[in-house]
Amino acid sequence: VAEDSPKRRKANFNEAETEVLIEQVLKHEQLLFAAGPGRASPGQKRKVWELIRHKVNPVAACPRDVEDLKKRWRDLKRRNRSKLRRLSQGCGPPGPAAALGLFLAPEEMPPAGAPPA
């Protein structure tokens with residue numbers, strides 16, 4: 001009787017994969033994340049995520065599926081919000097958030113002159 005080998009995790013995303021993912025998601029941001037009456041259908045979103053997958057996989061360390069890409073995108077957003085929060089509370093190095101390579105959607109950016117959250 002052959003034993004099932006333990007499931008191994010996939011390799012971490014490399015820099016090239018992350019760059020392509022960010023570039024493509026930001027390019028298609030309106031379709032993927034828009035709210036309201038003009039938003040895309042689930043089928044349209046699925047096609048966009050598949051397109052992104054086809055752009056990421058040629059530079060990937062291992063084949064990625066759409067769920068891997070969505071999870072990586074959520075993690076990147078969460079980490080950057082956390083960095084921005086620390087900066088606004090004075091816990092990080094001085095300077096604009098853009099200088100640290102943070103990428104946030106326009107609606108996620110704090111208004112100019114707004115008090116720290």
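This is a predicted model: local features need pLDDT of at least 70, side-chain atom pairs count only at pLDDT 80 or more; totals for chains, interfaces and linings use all residues.
Local features need pLDDT of at least 70, side-chain atom pairs count only at pLDDT 80 or more, and totals for chains, interfaces and linings use all residues. Residues are numbered from 1 along each chain as its sequence is written, and side-chain values use heavy atoms, with hydrogens and water left out.

Two packed helices are described by the angle between their axes and the distance between the axes. Start with helix α1 (residues 15–27) and helix α3 (residues 42–56). Their axes come within 9 Å and cross at roughly 150° (axes are lines fitted to C-alpha atoms, for helices over the stretch in contact, and angles run from 0 to 180 degrees between N-to-C directions). That makes α1 roughly antiparallel to α3 (over 145 degrees; 65 to 115 counts as roughly perpendicular). Helices here are DSSP runs (H or I, at least four residues), numbered from the N terminus.

Which residues of α1 and α3 meet? Glu-17, Val-20, Leu-21, Gln-24 and Val-25 in α1 meet Trp-49, Ile-52, Lys-55 and Val-56 in α3 (contact means heavy atoms within 4.5 Å). Six of the residues in this contact are nonpolar, one is polar and two are charged (Ala, Val, Leu, Ile, Met, Phe, Trp, Tyr, Cys and Pro count as nonpolar, Asp, Glu, Lys and Arg as charged, and the others, Gly among them, as polar).

From α1, the contact takes Thr-18, Leu-21, Ile-22, Val-25 and Leu-26; from α4, Leu-69, Arg-72, Trp-73 and Leu-76. Seven of these residues are nonpolar, one is polar and one is charged.

α3 also packs against α4, at an angle of about 90° with the axes 9 Å apart. This pair is therefore roughly perpendicular too. Trp-49, Glu-50, Ile-52, Arg-53 and Val-56 of α3 touch Val-66, Leu-69, Lys-70 and Trp-73 of α4. The contact has six nonpolar, no polar and three charged residues.

Phe-13, Asp-68, Lys-71, Arg-72, Asp-75 and Arg-79 line the second largest pocket. By class, one lining residue is nonpolar, none is polar and five are charged.

Definitions and conventions. Helices (H or I, at least four residues) and strands (E, at least two) are DSSP runs, numbered from the N terminus. Angles under 35 degrees count as roughly parallel, over 145 as roughly antiparallel, 65 to 115 as roughly perpendicular and the rest as oblique. On a 1 Å grid over the protein atoms alone, a cavity is a set of points where a 1.4 Å probe fits but cannot get out, and a pocket is an open set with protein on both sides within 12 Å along at least five of seven lines; lining residues have an atom within 4 Å of a point.
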